[in-house]
Amino acid sequence: MPLSSLTPRPSFEINPKLAKAAHNLSSLLDAVRLKKIPVSTEFQINEIISGVNSFSGPDPQLLKHISTVQATILKLLENELQLVPKNHYQNQWLALGMAAFGIPLGVVFGAALGNMAYLGIGLPIGVAIGLAIGSGKDTDSAKSGRQLDWTSK
């Protein structure tokens, strides 16, 4: 069973934000089609897409629904098949690096130098550490074929 497509609507031509979100979701579906995924996962994604295609609310609610559906599909692919988009781990580890490495290092610098104004020195160090770890994990997922040829725009 092939993956369903997003049904075009007249409001996609009128509302540029909605058109961008719909194009983003369609490109995600195209990237998923290139991967071999189990029929059960295809069925779940088709059910989600049929919910979008049958959505009858106003444009702002449709925009929110498309964003939610995109996140749901990405979470489903990550949890069940370990498929992630490009730069997924890099974006994830950027924040983790700041929180887990940057703030503690800033506190250490501030305490060692006797001035807590140096707290901000740790944040760029944490960003660098997080980006290094994340890009390494992204490279590993690309080598093992677990990376979608898609990035969120």
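## An exposed residue and its partner

Let's start with D149, which is exposed at a relative accessible area of 53%. Exposed stands for over 50%, buried for under 20%, and partly exposed for values in between (1.4 Å probe, protein chains only). K86 is partly exposed, and its relative accessible area is 36%.

The side chains of D149 and K86 form a salt bridge, with 2.8 Å from N to O. This pair joins distant parts of the chain, 63 residues apart: K86 belongs to the loop between α4 and α5 (88-113), and D149 to the segment after α6 (122-143). A salt bridge here is a side-chain nitrogen of Lys or Arg within 4 Å of a carboxyl oxygen of Asp or Glu. Helices are DSSP runs (H or I, at least four residues), numbered from the N terminus.

## About the model

You are looking at a predicted model, in which local features need pLDDT of at least 70 and side-chain atom pairs count only at pLDDT 80 or more, while totals for chains, interfaces and linings use all residues. Residues are numbered from 1 along each chain as its sequence is written, and side-chain values use heavy atoms, leaving out hydrogens and water.

How many salt bridges does the structure hold? There are two salt bridges. One of them joins R33 and D30, whose closest N and O atoms are 2.6 Å apart. Both residues sit in helix α2, three residues apart, or about one turn of the helix.

R33 is partly exposed, at a relative accessible area of 34%. D30 is also partly exposed, at 44%.

## The nonpolar core

Now for the inside. The largest nonpolar core has 26 residues, and those with the most contacts inside it are L25, L28, V32, I45, I73, L77 and L148. Two or more residues come from each of α2 (16-33), α3 (39-53) and α4 (59-81). Such a core is a set of buried Ala, Val, Leu, Ile, Met, Phe, Trp, Tyr and Cys residues joined through side-chain atoms within 4.5 Å.

Which residues does L25 contact, leaving aside neighbours within four places in sequence? L25 is in contact (heavy atoms within 4.5 Å) with L6, I49, I66, V69, Q70 and I73.

M98, I103, V107, M116, L119 and L123 make a nonpolar surface patch of about 470 Å². Patch residues have over 30% relative accessible area and no salt bridge; like charges are joined within 9 Å, and nonpolar side chains (Val, Leu, Ile, Met, Phe, Trp, Tyr) within 5 Å. Accessible areas come from the Shrake-Rupley method with a 1.4 Å probe; for residues, only the protein chains shown count as cover.

Helix α5 gives the largest share of the patch, three residues. V107 lies in helix α5 and is partly exposed, with a relative accessible area of 37%.
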